[in-house]
Amino acid sequence: QVHLVETGGGSVQAGGSLRLSCAASGGSAYSIYFMAWFRQAPGKEREFVGRISWSTENTIYADSVKDRFTISGDFAKNTMYLQMNSLKPEDTAVYYCAARHGTSATWNAWGQGTQVTVSS
């Protein structure tokens, strides 16, 4: 089992910054090999934001956040971060972290989500 908890959401004006954290715990946390951020805006489907490889630290991002958002990890603490800069109103959403662990090829652990609101 892997338990994920996001923190750091809030409200910010356009152009501002926020940093989200996602802490992983549980007996299977040692087997995490990818962690990712997703977001879901009101009335829209959940969309991929970016992910980090736990073994190589390689990151990939959605085009909509590239060059503004940065994912990093503190692997000793099983914690992933999302640094969001130059925020836009269209970044307003509930942000979720997810993990792939064990032998799963899908995202098999999800956090409860944290709200990010960007005002113009």
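Phe 38 is buried at 10% relative accessibility, where buried means under 20% relative accessible area, exposed over 50% and partly exposed in between, with a 1.4 Å probe and protein chains only. The model is predicted, so local features need pLDDT of at least 70 and side-chain atom pairs count only at pLDDT 80 or more, while totals for chains, interfaces and linings use all residues. Residues are numbered from 1 along each chain as its sequence is written, and side-chain values use heavy atoms, with hydrogens and water left out.

**Aromatic rings**

- Rings of Phe, Tyr and Trp (its six-membered ring) count as a pair if their centres lie within 6.5 Å; planes under 30 degrees apart are stacked, over 60 edge-to-face, and the rest tilted.
- By this rule there are five aromatic pairs.
- Tyr 33 and Phe 34 make a tilted pair, with 5.3 Å centre to centre and 50° between the planes.
- Tyr 33 is partly exposed at 26% relative accessibility, whereas Phe 34 is buried with a relative accessible area of 18%.
- Phe 38 and Trp 107 form an edge-to-face pair, because their planes stand at 80° with the ring centres 5.8 Å apart.
- Phe 38 belongs to strand β4 (residues 32–40) and Trp 107 to the loop between β9 (93–101) and β10 (109–110), so this pair ties together parts that are 69 residues apart in sequence.
- Helices (H or I, at least four residues) and strands (E, at least two) are DSSP runs, numbered from the N terminus.
- Trp 107 is buried, its relative accessible area being 19%.
- Phe 38, Phe 48, Trp 107 and Trp 110 are linked into a cluster by ring pairs.

**Charge over rings**

- A charge sits over a ring if NZ of Lys or CZ of Arg is within 6 Å of the ring centre and within 35 degrees of the ring normal.
- Arg 46 lies over the face of Tyr 96, at 4.0 Å from the ring centre.
- The charged end of Arg 46 also sits over the ring of Trp 110, 4.6 Å from the centre of that ring.

- Two strands pair if DSSP finds at least two bridges between them.
- Strands of a sheet pair through backbone hydrogen bonds, either parallel or antiparallel.
- Eight of the nine residues of β9 are buried, which leaves the strand mostly covered.
- β9 pairs with β4 in the antiparallel sense over eight bridges, and Gln 40 stands opposite Val 94 in β9.
- With strand β11 (residues 114–119), β9 pairs in the antiparallel sense over three bridges; here Tyr 95 stands opposite Thr 114 in β11.
- β9 and β10 are also antiparallel, over two bridges, and Ala 99 has Ala 109 in β10 as its bridge partner.

**The four-stranded sheet**

- An open sheet is formed by four strands in the order β1-β3-β8-β7, with antiparallel pairing.
- β1 (3–7) and β7 (69–74) are at the edges and have a single partner strand each, so one side of each is left without a neighbour in the sheet.
- From one strand to the next the twist averages 15°, given that axes are lines fitted to C-alpha atoms, for helices over the stretch in contact, and angles run from 0 to 180 degrees between N-to-C directions.
- Strand β3 (residues 18–25) and strand β8 (residues 79–84) pair in the antiparallel sense over six bridges.
- Thr 79 in β8 is the bridge partner of Ala 23.

**Disulfide**

- The whole structure holds one disulfide, meaning a pair of cysteine sulfur atoms within 2.5 Å.
- The disulfide joins Cys 22 to Cys 97, with S to S at 2.0 Å.
- The torsion about the S-S bond of Cys 22 and Cys 97 is about 60°, so the disulfide is right-handed.
- Cys 22 lies in strand β3 and Cys 97 in strand β9, 75 residues apart, and the pair links distant parts of the chain.
- Cys 22 and Cys 97 are both buried.

**Gly 9**

- Gly 9 is in the loop between β1 and β2 (10–13) and is partly exposed, with a relative accessible area of 35%.
- Leaving aside residues up to four places away in sequence, Gly 9 touches Leu 20, Thr 114, Gln 115 and Val 116, where contact means heavy atoms within 4.5 Å.
- Gly 9 and Ser 28 are 19 residues apart along the chain, and their C-alpha atoms are separated by 26 Å.
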